[in-house]
Amino acid sequence: MSARYVLGVDLGTSGPKVALADTRGTLLAHAKAAVPLRLLPGGGAEQDPQQWWSAICAVTKEALTDAAARLGHDPAPGVAAVCFSAQWGGTVPVAADGTPTHPAVIWMDARGGPYSRAAAGHAPRLPGTGYNARRLRAWLAKSGGAPTLTGKDPVGQALFLKHQRPAAYRAAAYLLDVPEYLTFRATGRAVAAYDTAVLRWCTDNRDPGAVHWDPALMRQCGLDARLLPDLVPPASVVAPLTQAAAAELGLSTSTVVVAGTGDTAAAAIGAGAVRDLDAHLYVGTSAWISCHVPYKKTDVRTGVASLPAAVPGRYWVATVQDVAGKAVDWLIDNVLHDQRPDRALEQLNALAATSPPGARGVIFTPWLNGERTPVDDSSLRGGWFNADLSTDRADLARSVFEGIAYNTRWMLDAVERFTGRTSPGGLGALRFIGGGASSPLWCQAMADILDREIHQVADPVLANVRGAALLALAALGELTFDQMPDLVRVERVYRPDPANRAEYDRAYAAFRELYRRNRRLYARLNPPARR
């Protein structure tokens, strides 16, 4: 098949982006929209799948209209494929006709924690893990990971629905992760690519080219086999658009849908970081550091694992920092709320830049929703440390940017140990993408605090949607993965400033000590019943 155009869709927690690309992966037009998030008592986090789909359809038509004006013709008939990237680690229960039986329970939701801890098993537990030793060995041997004890994954979410929303659970024909739901909505086929299925922790991932459901692990997780979708290889064509989906999107039924992927996988591709040990850093609502590796491995202590990738035959290093850019949103909404809504981030950056590196000793802990990597602890909470009467708004603002970077350095330490890159320089330069990468202040702070070169990717906020488009092109045979790094441009390189090294090393050591000294206090203040 010879493709003229492909459509990349990325559904983040804040809303969808859609981009039209040509056969070299060049983005010709793009559009975005916002969708609401509901945070509920007890650690709940939900979104409306219908709002997702309506927003995707609207911005798809907007992007196509914009492209038509630029190109001088309607590109819709030439769109050969669409690929959905999305937030993942969530659960959408759907009836056989695709109708959701309950709002989407997304990756931030911790209400399944008690059920996940029960699934982890009783004594004897492996010291320091919270898991029954026999069960953990079974999970790690085959899947490379295990259900998080916080309940923030499809295992905890499925068990939450089963026990606390039984009517919605009984009415469901499938429990789908977010990329799988979008693919189902577009094609009528309930499928999961190898890379999106894995967070259910009941796939055998020992061969990344032949991932399959494992009945013993299904039972161990408490998951019902009838609710699981069929598995398909990554970067594979699932089916053409249904007539209804094509009409809603403004496309043709000849347009095929490529197996959806998670935002982490799409981000790596869109950053051009597809070769082994080429690392990228993403900062959006959450944050992560990842790279591709040729091996399956798990570090139980830090929760870092390598899982089947969207790049066929490879694994990717899985990490997640629970709150990153969301802390900046929180700061704007609740503390510095006098910023102009249309320029809030720009104004916040300008304000933070007036405080010196180190924020005059103020340290911010970004654990506003607990943490995942390198510690899996939903009781942690955020706040400022070491403020005094001279601390001003600029110090508070800068400390939020820096506090997120301190946590990212903690995550980088874990990733470099995991990959064996512990010598000076570690993994080397990091390709920086996501909304955070659009901030020059944050780029330099990341370079200084991580002590690594930061390569700011051009159009960093479009990395995920670019990755979805490149994945569609790979499925069509238009591009190989080895060609992709050369198609992604680096806008600017930020190098560590030696003048800030001592200040940031001292602050980072204090950041780590804040966790060590206060983790038990957080556990007492935030017991599971109050989360």
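Colleague: How do the lining residues of the second largest pocket divide into nonpolar, polar and charged?
Modeller: They divide into nine nonpolar, six polar and seven charged. Here Ala, Val, Leu, Ile, Met, Phe, Trp, Tyr, Cys and Pro count as nonpolar, Asp, Glu, Lys and Arg as charged, and the others, Gly among them, as polar. Bear in mind that this is a predicted model: local features need pLDDT of at least 70, side-chain atom pairs count only at pLDDT 80 or more, and totals for chains, interfaces and linings use all residues. Residues are numbered from 1 along each chain as its sequence is written, and side-chain values use heavy atoms, with hydrogens and water left out.

Colleague: What volume does the second largest pocket have?
Modeller: About 450 Å³. A volume is the space filled by probe spheres set on the grid points, which are joined across faces, edges and corners. On a 1 Å grid over the protein atoms alone, a pocket is an open set of points with protein on both sides within 12 Å along at least five of seven lines, a cavity is a set where a 1.4 Å probe fits but cannot get out, and lining residues have an atom within 4 Å of a point.

Colleague: Which residues lie nearest the centre of the second largest pocket?
Modeller: Leu39, Gly44, Met108, Leu368 and Asn369, out of 22 lining residues. Strand E4 (38-40), strand E5 (44-47) and helix H11 (325-334) each give two or more residues to that lining. H11 gives the most, with six. Helices (H or I, at least four residues) and strands (E, at least two) are DSSP runs, numbered from the N terminus.

Colleague: Which elements supply at least two residues to the lining of the second largest cavity?
Modeller: Helix H6 (178-187), strand E10 (191-193) and strand E15 (256-262). The volume of this second largest cavity is about 30 Å³. Its lining includes Pro179, Glu180 and Gly260.

Colleague: Switching to helices. At what angle do H13 and H14 pack?
Modeller: About 45°, with the axes 9 Å apart, for H13 (residues 393-418) and H14 (residues 440-450). That makes H13 oblique to H14. Angles under 35 degrees count as roughly parallel, over 145 as roughly antiparallel, 65 to 115 as roughly perpendicular and the rest as oblique. Axes are lines fitted to C-alpha atoms, for helices over the stretch in contact, and angles run from 0 to 180 degrees between N-to-C directions.

Colleague: Which residues make the contact?
Modeller: Among them are Phe401, Ile404 and Leu412 of H13, and Trp442 and Met446 of H14. Contact means heavy atoms within 4.5 Å. By class, the contact has ten nonpolar, one polar and three charged residues.
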